[in-house]
Amino acid sequence: MDNFSVRSERNFHNLIVKPNHMYLLDKPNGYASTMVKSSLSHQMRFTVQVLEEELYAASDPHVLQIKLLGDDSREPSSWKLFADGACVADGSGAFARECFCEGAEVFLDLCRDALRAAELRQWSQREYELLSAARGIAMV
């Protein structure tokens, strides 16, 4: 072996990288959707949407919003979870990523636990619809 091949063997066969694999709650179904759905911010928003739908189906409707903070739209530096206008949980983007690296539903379970701990008021169907409409107006 000449010096170049020895050097290339040493430099290129010791590159073992174990990336943190993020489990996705919203599974992609193609290349384009993989680009969107593999971002932490999308998974966090989707998780909150799933939880809101789950609560609605269980006749315990609450209007949920997640506010993602930071300069990078795909990787938030921090987040806040609001339920019916009150902040019930917050944390760092790194913590949220760790949740998704542990399992797809870990962040969902965390949000569920935060809502239970907040002991929110029970809303009627009509009140929920009004709050939901107000959220839609505020987003515009």
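Arg112 forms a salt bridge with Glu54 in this predicted model, a salt bridge being a side-chain nitrogen of Lys or Arg within 4 Å of a carboxyl oxygen of Asp or Glu. The closest N and O atoms of Arg112 and Glu54 are 2.7 Å apart. The pair links distant parts of the chain, with Arg112 in helix α5 and Glu54 in helix α3, 58 residues apart. Helices here are DSSP runs of H or I with at least four residues, strands are runs of E with at least two, and both are numbered from the N terminus. Arg112 is buried, with a relative accessible area of 18%, while Glu54 is partly exposed at 32%. For these words, buried means under 20% relative accessible area, exposed means over 50%, and partly exposed lies in between (1.4 Å probe, protein chains only).

A word on how to read the values: residues are numbered from 1 along each chain as its sequence is written, and side-chain values use heavy atoms, with hydrogens and water left out. Because the model is predicted, local features need pLDDT of at least 70 and side-chain atom pairs count only at pLDDT 80 or more, whereas totals for chains, interfaces and linings use all residues.

Arg112 and Asp109 are separated by about one helical turn, because they stand three residues apart in helix α5. Asp109 counts as partly exposed at 33% relative accessibility. Through shared partners, salt bridges join Glu54, Asp109 and Arg112 into one network. Elsewhere, Arg97 forms a salt bridge with Glu75, the closest N and O atoms being 2.2 Å apart. This pair too links distant parts of the chain: Arg97 belongs to helix α4 and Glu75 to the loop between β1 and β2, 22 residues apart. Both ends count as partly exposed, Arg97 at 24% relative accessibility and Glu75 at 31%. The count of salt bridges comes to seven.

After α3 comes Ser59, whose phi is positive, near 60°.

Cys111 is found in helix α5 and is buried, with a relative accessible area of 2%. Leaving aside residues up to four places away in sequence, Cys111 touches Leu51 and Leu81, where contact means heavy atoms within 4.5 Å. Cys111 and Val88 are 23 residues apart in sequence, yet 8.6 Å apart in space, C-alpha to C-alpha.

The strands come next. β1 and β2 run antiparallel, joined by six bridges; two strands pair if DSSP finds at least two bridges between them. Leu64 has Ala83 of β2 as its bridge partner. β2 is also joined by six bridges to strand β3 (residues 86-92), again antiparallel, and Phe82 has Cys87 of β3 as its bridge partner. The hairpin of β2 and β3 has two residues between the strands, and Asp84 takes a positive phi near 55° there.

Finally, the largest pocket holds about 250 Å³ of space. A pocket is an open set of points on a 1 Å grid over the protein atoms alone where a 1.4 Å probe fits, with protein on both sides within 12 Å along at least five of seven lines; lining residues have an atom within 4 Å of a point. The volume is the space filled by probe spheres set on the points, which are joined across faces, edges and corners. The lining includes Arg45, Val48, Gln49, Glu52, Leu64, Ile66, Arg135 and Met139. The elements that give two or more residues to the lining are α3, β1 and α6, and α3 supplies the largest share, five residues.
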